[in-house]
Amino acid sequence: MGVKRFKEGILEVLFPRVCVVCGHSLSPQENVLCVECLSSKFEETVPNGTATSERILLPEGIQFQHALWTFDKGGYLQELLHQLKYHRITGVGVDIGRQLAVSMKKNSLMSSFLVEPYQLLPVPLHPKKRRMRGYNQAYYIAKGIAEVAGGEIISKKAVIRVKNTKTQTGFSLEKRRRNIENAFKVVHPDSVEGKNIIIVDDVFTTGSTTFELASVLKASHCEKIAIVTVAQA
Ligand SMILES: [Zn+2]
């Protein structure tokens, strides 16, 4: 038995790695959730391959918006997203990103977008927030998408967040819009100009954040924009 396997064995006894939903033990490839739960325990927004964006009025220039799961307030999904955001569990972000990519490919509108080259843009975090959390959860979701559906992740130096916004929970629509206004900046326009871009985030609520980011990308003459998220409120 190698030292690495021995260490893993001890960790397994001290901290058994089990699925947070069903309690079954996890394989080394699984993080937080087993593959079975990941694909069956949450409610998909697009079970029949219809577009999520049909229910939402999108600003001009955004082709469509797609979410993997509907947001079950107080349920497993909320806990999962919380873990992803604050508990430095980056592996689950990649797992969910892979699952999101599978549902993107099932969405008939989205699949036509995916045939052309595209860039993935995780919603940038303000450097202060990034330092506090240690990572940007949207980046790991984008990583999982890239593994399954392809696409290149835009350099985090290309588009940045210049305004450290307050948390938007409980804000009115107008207050959210003002809070997020001028929060993003394109530093390297060549990485945006003429490109098809998929914005990646964890939750889609009113769209104030992703719509603001999209308007900045449009001002830098990007080609097409889509928004994908793990959950939809
Ligand atoms: Zn499970």
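User: What is the volume of the largest pocket?

Analyst: Rolling a probe the size of a water molecule over the atoms shows where empty space is left. A pocket is an open set of points on a 1 Å grid over the protein atoms alone where a 1.4 Å probe fits, with protein on both sides within 12 Å along at least five of seven lines. Grid points are joined across faces, edges and corners, and a volume is the space filled by probe spheres set on the points. Here the largest pocket comes to about 900 Å³. Its lining (residues with an atom within 4 Å of a point) holds 34 residues, and Lys85, Thr167, Thr169, Asp202 and Val203 are the closest to the centre. The model is predicted: local features need pLDDT of at least 70 and side-chain atom pairs 80 or more, while totals for chains, interfaces and linings use all residues. Residues are numbered from 1 along each chain as its sequence is written, and side-chain values use heavy atoms, without hydrogens and water.

User: Which elements give two or more residues to the lining of the largest pocket?

Analyst: Helices (H or I, at least four residues) and strands (E, at least two) are DSSP runs, numbered from the N terminus. The contributors are helices H3 (76-86), H6 (127-133), H7 (137-149), H8 (173-180) and H9 (208-219), together with strand S6 (197-204). H3 provides the largest share, 5 residues.

User: How do the residues of that lining divide by class?

Analyst: Ala, Val, Leu, Ile, Met, Phe, Trp, Tyr, Cys and Pro count as nonpolar, Asp, Glu, Lys and Arg as charged, and the others, Gly among them, as polar. The lining of the largest pocket has 11 nonpolar, 14 polar and 9 charged residues. For the second largest pocket, of about 310 Å³, the lining has 12 nonpolar, 3 polar and 3 charged residues.

User: Which residues of H3 are buried?

Analyst: An α-helix has 3.6 residues a turn, so residues three or four places apart point the same way. Buried means under 20% relative accessible area, exposed over 50%, partly exposed in between (1.4 Å probe, protein chains only). In H3 the buried residues are Leu77, Leu80, Leu81, Gln83 and Leu84. They lie on the same side of H3, because their arc around the axis is only 155 degrees, taken from the directions from the helix axis to the C-beta atoms. They pack against strand S1 (62-70), helix H4 (90-106), H7, S6 and strand S7 (225-232), where contact means heavy atoms within 4.5 Å.

User: How many aromatic pairs does the structure hold?

Analyst: Rings of Phe, Tyr and Trp (its six-membered ring) pair if their centres lie within 6.5 Å; planes under 30 degrees apart count as stacked, over 60 as edge-to-face and the rest as tilted. The structure holds 5 such pairs. Phe42 and Trp69 are tilted, at 4.4 Å centre to centre and 35 degrees between the planes. Phe42 sits in the loop between helix H2 (35-40) and S1, and Trp69 in S1, so this pair ties together parts 27 residues apart in sequence. Trp69 is buried, at 1% relative accessible area. Phe64 and Phe113 are edge-to-face, with 5.6 Å centre to centre and 85 degrees between the planes. Phe64 belongs to S1 and Phe113 to helix H5 (residues 108-114), so that pair links parts 49 residues apart in sequence.
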